[in-house]
Amino acid sequence: MEPSPLVRPRSYVTRGRKTEAQSRAIEELWPAFGLEFDGSPLDLEAAFGRTAPRVVEIGFGNGENLLTLAERHPDRDFVGIEVHGAGIGRVLGAIRDDGLTNIRIIRHDAVEVFERGLAAASLDEVLIFFPDPWPKARHHRRRLIQPEVAPLLARALTDDGVLRLATDWEPYAEHMIDVLDAEPGLVNLAGDARFVPRPDDRPVTKFERRGERLGHAIFDLAYRPAR
Ligand SMILES: C[S@@+](CC[C@H](N)C(=O)[O-])C[C@H]1O[C@@H](n2cnc3c(N)ncnc32)[C@H](O)[C@@H]1O
């Protein structure tokens, strides 16, 4: 029997209108670069037509990080999971304009994709950059990083895989550390330092720039699976 989805509030709200160009990009390019998720396991090798190191980015927003990394690393395959239509349209347009072949997009709640769509030990990297901080106490259960989500992230990583996160919201950084350090399936790569230095090669995104404008410090975290 299939595991039932976790009962939890969503970590996102669907918002923002797509431009005409973004809608057109989805219509024209989804068949080539979109991956339909219907709750069954995904066949990523078939989707890319090759076996290559695999990176998943959850909540890529307008895709600055995803597109930059895919261009930099043609030898790796990138799966972006997002629910925001305008961002998806923008990324599909850029995939076409830049001639990228190593990105596929899933338009679905990432938690459900990790629950049911991804095989164990199938991802070399999982990236979660500037997830919605849900600052109000009554919304904390909407944060993506939760005790029941942490084992799903750990399970999907290969033995040498890495989970990388970043946030500009200090209380969320502390929440991430509390949740992820408590997960027996994960080991904090920063050890007692708790946070890792900002990786030089992590592209700056819209939400990082916004955080910096607001004078926020940026917190980077990295974990490996405990195996
Ligand atoms: C604050 S934005 C950050 C976007 C981007 N990473 C950046 O740094 O600019 C968070 C994004 O995560 C997406 N998101 C939140 N929860 C998600 C989920 N469960 N599955 C897929 N995407 C999600 C939202 O739609 C939103 O675009």
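On a 1 Å grid over the protein atoms alone, a pocket is an open set of points where a 1.4 Å probe fits, with protein on both sides within 12 Å along at least five of seven lines, and its lining residues have an atom within 4 Å of a point. A volume is the space filled by probe spheres set on the points, which are joined across faces, edges and corners.

Before you start clicking, note that this is a predicted model, where local features need pLDDT of at least 70 and side-chain atom pairs count only at pLDDT 80 or more, while totals for chains, interfaces and linings use all residues. Residues are numbered from 1 along each chain as its sequence is written, and side-chain values use heavy atoms, with hydrogens and water left out.

**Stop 1: the second largest pocket**

Select Leu69, Glu125, Leu127, Arg164 and Asp201; of the 14 lining residues, these are the closest to the centre of the second largest pocket. About 190 Å³ of space lies here. Now colour β4, a strand (a DSSP run of E, at least two residues): β4 gives the largest share of this lining, 3 residues. By type, the lining holds 7 nonpolar, 2 polar (Gly counts among these) and 5 charged residues (Asp, Glu, Lys and Arg).

**Stop 2: the largest pocket**

Next, pick Arg15, Gly59, Glu82, Phe130 and Asp132, which lie nearest the centre of the largest pocket among its 44 lining residues. Elements giving two or more residues to this lining include β1 (54-58), α3 (64-72) and α4 (85-98). The space amounts to about 840 Å³, and the lining divides into 20 nonpolar, 12 polar and 12 charged residues.

**Stop 3: the ligand**

What takes up the space of the largest pocket? Show the ligand, and you will find it there (more than half of its atoms lie within 2 Å of the grid points). Two elements give two or more residues to the shell around the ligand: β2 (77-82) and α8 (206-213).

Then display the 20 residues around the ligand (a heavy atom within 4 Å). Ser11, Glu82, Ala110, Phe129 and Thr205 come nearest.

- Glu82 places a polar side-chain atom 2.5 Å from a ligand oxygen atom.
- Ala110 has a backbone N or O atom 2.9 Å from a ligand nitrogen atom.
- Phe129 has a polar backbone atom 2.8 Å from a nitrogen atom of the ligand.

Technical notes: A polar contact is a pair of N or O atoms within 3.5 Å; within protein, one must be able to donate a hydrogen and the other to accept it, and residues adjacent in sequence count only if both atoms are side-chain atoms. Helices (H or I, at least four residues) and strands (E, at least two) are DSSP runs, numbered from the N terminus.
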